[in-house]
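Points are grouped by topic.

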Amino acid sequence: MSDILLSVIIPTYNVEKYIVECVDSLLHQIKAPNEIIIVNDGSTDGTLALIEQNYAHLSHIKVITIENGGLGNARDTGVALAQGRYIFFCDPDDVVVEGLLSELKTVNETYPETDLFCFNSCVYEDGNSHVTSPKVQHEQFGTQRPQEVFARLLRNGTYTSAVWNYVVKKEVIERHHLRFVRRVHEDHNFTLSVFLKCKQAWVSRQVYYKQRIRSGSLTNSTKGEEFFFQRYDAFIHSYNTLNSSLSKSKWRATLEKEYLTHSFRLMIYLSLYNQTPVPEYVRNAIRFMGKKIKTSSFKEWLLFNRPEVFIALQTYKVRKELKRAA
């Protein structure tokens with residue numbers, strides 16, 4: 001067994017404005033023999049120079065430069081180099097809060113079978129780090145089945161496929177050959193597979209991750225048709241993984257309903273806040289997949305049985321919010 005408990009993987013591309021703050025937030029708690037692996041994904045700005053200037057002298061920070069191939073390829077490269085028992089993926093413009101490694105170490109010693117470590121997160125606007133809003137919000141804490149953690153996040157609407165949402169044992173990634181196979185939306189199938197394949201999770205009460213929302217980033221910019229189609233394609237891939245990973249049962253039917261409800265609502269809201277029509281292929285998927293869903297509320301029934309009405313009501317709501325925000 002490796003003496004290294006945690007490998008942090010940071011894929012970087014043209015983030016000279018943020019990378020030092022990100023790595024410094026990790027250095028306060030990530031000490032040798034644990035490691036930080038920075039994969040420079042062909043940056044064309046001063047990112048690499050800053051990394052070398054600030055961290056080249058530290059033995060537990062490893063830097064590798066590769067030809068630009070996207071976040072997924074950079075993360076896969078990092079996983080192949082990682083020596084730690086656990087893997088944590090950190091985005092280069094975000095901040096990690098003190099305490100993550102300390103609690104992970106305690107959990108690993110107390111519950112060594114834990115292969116998934118979950119925590120809460122928040123978001124903040126670039127330049128205003130002291131004003132935060134909740135992102136991922138867990139409701140039950142301690143040792144749990146990962147699939148139940150997954151279902152609760154779907155149900156309360158705070159699930160995100162972002163891979164910074166958890167720490168996972170490298171053994172799980174290797175055993176199930178989990179890879180980031182796409183250049184965009186690469187984390188959807190990976191994260192869903194992590195929740196389905198892991199056997200034991202620990203859920204912390206703490207907020208350990210702060211996601212920066214910056215102007216011009218992929219998560220905070222106007223999106224074109226290609227974005228929505230690629231996201232829908234990633235959803236279909238993940239949905240097929242869910243169905244092929246679990247045998248038919250009442251539990252799978254529940255999880256399937258929660259996943260479809262969450263995914264369709266999110267795709268609708270993404271379109272509406274982008275001020276573009278909900279794509280017809282999304283509407284058709286709701287009609288087709290909704291036929292076998294047993295709904296438990298009027299809102300669910302409306303989504304799956306009268307999607308046009310559901311979308312019209314949400315359009316009115318979103319327009320009011322956008323007008324108020326303006």
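The buried residues of helix α5 are P146, Q147, V149, F150, A151, R152, L153 and L154, where buried means under 20% relative accessible area, exposed over 50% and partly exposed in between (1.4 Å probe, protein chains only). The model is predicted: local features need pLDDT of at least 70, side-chain atom pairs count only at pLDDT 80 or more, and totals for chains, interfaces and linings use all residues. Residues are numbered from 1 along each chain as its sequence is written, and side-chain values use heavy atoms, with hydrogens and water left out. Helices (H or I, at least four residues) and strands (E, at least two) are DSSP runs, numbered from the N terminus.

**Helix α5**

- Because eight of the eleven residues of helix α5 (residues 146-156) are buried, this helix is largely enclosed by the rest of the structure.
- The cover over the buried residues of α5 includes β6, β8 (142-144), α7 (187-197), β10, α8 (225-245) and α9, with contact meaning heavy atoms within 4.5 Å.

**Helix α12**

- The 19 residues of helix α12 (residues 307-325) should span 27 Å at 1.5 Å a residue, and the end C-alpha atoms are 26 Å apart, which agrees; the expected span is 1.5 Å times one less than the number of residues.
- P307, F310, I311, Q314, T315 and V318 are the buried residues listed for α12.
- These residues cover an arc of only 135° around the axis, which puts them on the same side of α12; the arc is that of the directions from the helix axis to the C-beta atoms.
- An α-helix has 3.6 residues a turn, so residues three or four places apart point the same way.
- Exposed residues Y316, R319, K323 and R324 sit on the face of α12 turned away from its buried side.
- Among the elements covering the buried residues of α12 are α9 (250-273), α10 (280-289) and α11 (298-305).

**Salt bridges**

- The structure holds 13 salt bridges, each defined as a side-chain nitrogen of Lys or Arg within 4 Å of a carboxyl oxygen of Asp or Glu.
- R75 pairs with D91, with the closest N and O atoms 3.0 Å apart.
- This pair links distant parts of the chain, 16 residues apart: R75 is in helix α3 (residues 71-81), and D91 is in the loop between β4 (86-89) and β5 (95-96).
- R75 is buried at a relative accessible area of 2%, and D91 is buried at 17%.
- D126 forms a salt bridge with R212, the closest N and O atoms being 3.0 Å apart.
- D126 lies in the loop between β6 (116-125) and β7 (132-134) and R212 in strand β10 (residues 201-213), so the pair ties together parts 86 residues apart in sequence.
- D126 counts as partly exposed at 30% relative accessibility, whereas R212 is buried at 6%.
- R287 and E308 meet through their side chains in a salt bridge (2.5 Å, N to O).
- Because R287 lies in helix α10 and E308 in helix α12, this pair ties together parts 21 residues apart in sequence.
- R287 is partly exposed, with a relative accessible area of 29%, and E308 is partly exposed, with 37%.

**Residue S7**

- S7 is located in strand β1 (residues 6-12) and is buried, with a relative accessible area of 0%.
- The side chains of S7 and E35 make a polar contact (2.6 Å). A polar contact is a pair of N or O atoms within 3.5 Å; within protein, one must be able to donate a hydrogen and the other to accept it, and residues adjacent in sequence count only if both atoms are side-chain atoms.
- Not counting residues up to four places away in sequence, S7 touches E35, A82, Q83, G84, Y86, I87 and F88.
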